[in-house]
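This briefing goes through two chains, then the parts where they touch. Please keep the sequence and the structure open while reading.

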Amino acid sequence: MKTGRKVQGMQDKSNILEVDRLSNRYEGQPLLQDISFALKQGEILCLLGPSGSGKTTLLRLLAGLEKEDAGSILFCGRDIRAVPSHKRNFGMMFQEYALFPHKSVQQNVAFGLEMQHCPPDELVRRVRTVLELVGLLGLEHRKIDELSGGERQRVALARSLAPEPQLLLLDEPLGSLDRALRDRLTGEIRTILKSLGVTAVFVTHDQAEAFSIADKVAILYHGTLQQFDTPEHLYRKPVNSTVAGFLGFRNLLKGSVERQGIFRSSLGNLPVRAENMVPETANILLIRPEGATLAHSSTAKDDALRLSGTITSRQFQGSSYRIGLRSGDTPLAFDLPIDPPPPEIGRPIELILNPSALVLLSE
Amino acid sequence: MKQPRPLFRWAVFSLPLLFLLLFYFYPLGKIVLLSFLPDGNWDPARLGKLVNSPVYGRILWFTCWQAALSTVITLVLALPGAYVFARYRFFGKNLLQALMTVPFVLPTVVTAAAFRALLGTNGLLNTWLMHGLRLSQPPINIDQTVAFFLLAHVFYNYTLVLRIVGGFWGGLDPDLRAAAKMLGASPWQTFRRITLPLLMPAIGSAALLVFIFCFTSFGVVLILGGPGYATLEVEIYRQSVQLFNLPMAAALSLIQIVVNFLLMWLHARLGKRSRIAFYTDSASGTAIKVESPAEKILIGVNLLFMVILLVTPLLALVVRSFTGQDGLTLAYYSALFTTQARSVFFVEPIAAVANSVGFALAAMTIAVILGLLASTFLASARERGAPVSSFWDAIIMLPLATSAVTLGFGYIITLNRPPLNLRDSLALVPIAHALVAFPFVVRCILPSLKQIPQTLREAATLLGASPYQVWRRVDIPIIGRAILVGAVFAFSISMGEFGASAFVTRPHTPTMPVAIFRFLGQPGDINYGQAMAMSSILMLVTCSGFWLIGRLDASKKPPQASL
C-alpha cells in the first residue's frame, strides 16, 4: 500500500509542492514509477532509500535537470514541467558540492545573486548575511581548494541559500564527511533551514540523518514510493517488510491473524493492539528491538507478555546492549538498557515485551 | 617512508644522464660556442649583425605569424569538434576516436605528401577537375603557397586540440553546469561564466602546443612551402646543408633553442596547474545522446568536416600511389624494388623500409631502457625531495623543446671527430631518434609508476620480497602496459623522424622519410609516384603500431602521459 496515493487529486491550498504519479525511465529502464506526494510550506522532506532506489533521480526531476516521462509536478499550484531549471528559482546542494573551482568563496556565493542582477551593495550585504549564517565569515577570499570538507559543505549550503530559493534540494550533502562532522552538521542544517523557513527536499541513505533532519520521510525502493510519513510514524508503523528491513528491523515473524487481537507465529499466539492490526492482509509481525525489558528487573504484572530464550550474542554499544537470542527456533534481537546487565552468552533469558512494540505489517 | 639509498638512485640515473650529456648538451653547447665564437674568437658583433639583419628578422617574423595563424585557425575549427566529442554519444564515435590518433603519429613527410597527392599541381583533385571540366591548366594552385602548409598544419594539429580540449571538457564535472543552472544561469551564461573559464587552461595548453609544433615545423614547410618560404627551422637546414654557413646556422639554432625553451616552460607552468592529459581517451561517462535537430546538424557538420579533413588526404595518398598516367598501376611500388640508373639512391629504395624499421627498433630499445631508468629515478624521489626531482624532470624534458634540426646540426658539428667520431657510424640515427623519443617514454611511464602506492611495495616487502623482487613482481607488471605504450610511441617517432635524420643519415642508408623527401625533390612522375608509394607504406607501418595500442586499450584503461 502506498500512503502517498491519498494525495492524488487533492487540491490542498496549503501544499506548496505536489507531485502526482511521476514516472521516469532511463534508456528503457524504469527508474521511478508513479511517485505521488505533497509538501507544505516550510517542511523538510527526506528521500530515504538504498543506492539505486531513484532518490537522486527524483530530486533531479524536481530540479528540472532530468525529464519526466509521465506525471506532473505542481509548485504553488502551477505546473512547472516546462519551466527550465534556471528559471525555477530552486536551490540545489550537490553531492560533491560542485563548487566553482575558479571562483573564491565570496564569488561562489554571489553567483546566484549576480544571475538575479542584484545591485552590488545589496549583493555584498546578502553574501555577508548567509556566510554569517553558516559560520564562514572571514573566509570570503579563500579559494575552494584551500577549504576543508566541512567548510566546503558550508559554502555549498550558503551558495544555494543566497538567492533565497523557494525550494531547496539537497543531494546527500553530508555523504563525504566523517561521522562526527556529519552528526554536528545534520543538526546545524536543520536549525538553519528552520530559521529561514525554507521548504526543502533532502536525499540521504542514512536513516539516523533522515530522522534527525526531516519533518516527513519518503522511503524509496526500486523506484517506487513505499511510505510517506513523519519520522516517528514511520518508525512506529512501517507499512511493509521492505520498509521495516530498510529501517534495520530484524524481528520479523511470519504468521497469520488468528482472530481479532491475536497473531499466530512461531512464537505462539501473540496479542496485538487493535491500532497496530491495521492492514487486513497482514502476515508479518514486527517486534521492535527497543520494546523489551529483562523480566526480573521490572515489576511486571502477571498478565505481561513474556518471552524466554537463550542468549546467542551480546554486544555492548555504549548506551545499550544489543543482544541476540533464540526462542525455540526463532532468532530475535533486542536493545536492552545497560543496567542491569543482561546474562552472558549461552545463558537463558526472560524478557517482558511492551505490547506497543508489536506491529503487524504486510509482505 | 623508506627511501631507496641515494647512491643506488644515482647509479640508476647515471646512464640517462650520461646519454643526455654526450648526445644533447655537448652538441648544443658546441652550437652556442660556434655562434659566439665563429672563427675561434669572441665575436658578439656577428650575432648582433644577425639580429639586425632584415632577412633574419623577416624569417623570425614569418615563423611567428604563420605559427600564430595556424594556431588560431586550428582552434576555431577544432573547438566545436571538441564540444561535440565531449558532450555527445553518437554512432561511430569510437572509430573516429581511433582515427584521431592517425595524424598525431603520421610523419610530417607523409602529411606533406598526402596533401600534395590531394591538392598539389599533379594531385588527384586537379587531375580530376582538368579531366572533368576539360581544362588545360590545373584549377587549384596552392602548391608552394602559405595556404598549403597552413592547411597541413591544421590537419596535423586539429586532432591534438580535439583530444586535449575534448578530453578535458568531457572530464568537467557535469554538476558544475547543473549548479550554475540551479543558481539561475541561462545556458549561455553557464558557458561564458563557468565552462569557458574552466576550459581556459586546456585551451591555452593546446594552443601553446600547436604554436610550438608550428613554430618548429620543418618537413611540411620545406615540402609544401617550396623555396619561397622559410621558418627558422628550414633556414637552419638551408644554411648548414645547402650553404655550409655553419656559424649562421648556429646563431639561428640559438634563437630557436631560446624561444622553444620559453614556450615549453610556459607550457609546463600551465600544465602543472591544470593537469592536462596529453594522451587520453576522452571521458565518455557524461556524454549524452543526441536529441534535437539542431544538435544533429551541429554534430553532422562537425563529423563531416573531420572526415573531409582527416580522411581525404590519406585516401588521396593511397589512391595516388596506385594511379599512374594510364590508370591503375603497381609501377610505383615495383619501382621501389629496383635500382635505376638516374635514381637518387645508391641502393633499391625499398631498402629504406628495412633501414627505418631497424633504426626504429634500435631507437626504441635505447629510449625504453633510458626512459625506464629515468622514470625509476624520478619516481623514487617523489616524497619531500620534490623540487630536486622536478628540476631533473625538466632536464629530461629538454630534448622535447629542442628542434630536431638543431639537434641534427649539432651532431654533424660535434660527433665528427675523436673522441666521438660517429660520422660514418650507423649508430648516429638511432641515437638521435632515441633522444627525441626518450622524453615521450618518460611521460608514458612516470605517471603510472607514480600512481603505484608505496604501501603496495611495503606489503610485498613484508611478505618477504627482496627489493629486486618487489621491482620485478610489483612495479614492472603494473607499469607493463605503460612501457609498451612508450615503446610504440618511440617506434613511431623514430619511423617518422625527419628533421634530425635529414642531417645524420648517410646516403647509402636513407630512412623512409628521407627517401620520400628525396623523391619529392626530384622531377618526373615516377619519382613522385614512388614518394606516394613509400608514404603509403610508412603510414601503414606507423599506424599498425597504434592499432596495436588500440587493441590493448580495449581491454585495459590507458595510462596517461601528461606533457
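A residue counts as buried if 20 or more other C-beta atoms lie within 10 Å of its own, as exposed if 12 or fewer do, and as partly exposed in between, with C-beta atoms placed from the backbone. Helices (H or I, at least four residues) and strands (E, at least two) are DSSP runs, numbered from the N terminus. By these terms, the buried residues of helix α2 (residues 105-115) of chain A are A:Val105, A:Asn108, A:Val109, A:Ala110, A:Phe111, A:Gly112 and A:Leu113.

The model is predicted: local features need pLDDT of at least 70, side-chain atom pairs count only at pLDDT 80 or more, and totals for chains, interfaces and linings use all residues. Residues are numbered from 1 along each chain as its sequence is written, while chains are lettered from A and ligands numbered from 1 in the order in which they are written.

**The two chains**

- Chain A contains eight helices and 20 strands, and its C-alpha atoms fill a box of roughly 75 × 45 × 35 Å along the principal axes.
- Of the 363 residues in chain A, 38% are buried.
- Chain B has 23 helices and six strands, and 45% of its 563 residues are buried.
- Two residues are in contact if their C-beta atoms, placed from the backbone, lie within 7 Å.
- Among contacts with a separation of 6 or more, residues 24 or more positions apart account for 67% in chain A and for 81% in chain B.

**Helix α2 of chain A**

- The buried residues of α2(A) pack against α3 (120-133) and α4 (149-161) of chain A.
- Just after α2(A), A:His117 has a positive phi of about 55°.

**Open sheet in chain A**

- Two strands pair if DSSP finds at least two bridges between them.
- Four strands of chain A make an open antiparallel sheet in the order β2-β1-β4-β5.
- Its edge strands, β2 (29-40) and β5 (78-79) of chain A, each pair on one side only.
- Helix α1 (residues 55-63) of chain A packs on this sheet and touches β1, β2 and β4 (70-75) of chain A; the direction of α1 makes about 65° with that of β2(A).
- Axes are lines fitted to C-alpha atoms, for helices over the stretch in contact, and angles run from 0 to 180 degrees between N-to-C directions.
- Strand β1 (residues 15-26) of chain A is joined to β2(A) by eight antiparallel bridges, and A:Val19 stands opposite A:Phe37 in β2(A).

**Strand β3 of chain A**

- Strand β3 (residues 44-48) of chain A is largely enclosed by the rest of the structure, because five of its five residues are buried.
- A:Ile44, A:Cys46 and A:Leu48 are buried on one side of β3(A), and A:Leu45 and A:Leu47 on the other, so both faces are covered.
- β3(A) pairs in the parallel sense with strand β8 (residues 199-204) of chain A over five bridges; there A:Leu47 stands opposite A:Val203.
- β3(A) also pairs in the parallel sense with strand β9 (residues 216-221) of chain A, over four bridges; the bridge partner of A:Leu45 in β9(A) is A:Lys216.

**Nonpolar cores**

- A nonpolar core is a set of buried Ala, Val, Leu, Ile, Met, Phe, Trp, Tyr and Cys residues joined through C-beta atoms within 7 Å.
- The largest core has 147 residues, of which B:Ala113, B:Val165, B:Ala367, B:Ala437, B:Val441 and B:Ala490 touch the most other members.
- Helix α18 (residues 428-451) of chain B gives the largest share of this core, 16 residues.
- Another core, of 105 residues, lies apart from it and includes A:Ala98, A:Leu99, A:Leu113 and A:Leu307.

**Helix crossing in chain B**

- The axes of helix α3 (residues 54-87) and helix α9 (residues 187-215) of chain B come within 8 Å and cross at roughly 140°.
- That angle makes α3(B) oblique to α9(B), because angles under 35 degrees count as roughly parallel, over 145 as roughly antiparallel, 65 to 115 as roughly perpendicular and the rest as oblique.
- Residues making this contact include B:Thr63 and B:Gln66 of α3(B) and B:Phe211 and B:Cys214 of α9(B).

**Contact between the chains**

- The contact takes 15 residues from chain B and 18 residues from chain A.
- On the side of chain B that touches chain A, the largest share, six residues, comes from α8(B).
- B:Lys181 is in helix α8 (residues 174-182) of chain B and counts as buried because it has 24 C-beta neighbours inside 10 Å.
- Leaving aside neighbours within four places in sequence, B:Lys181 is in contact with A:Ser85, A:His86 and B:Thr190.
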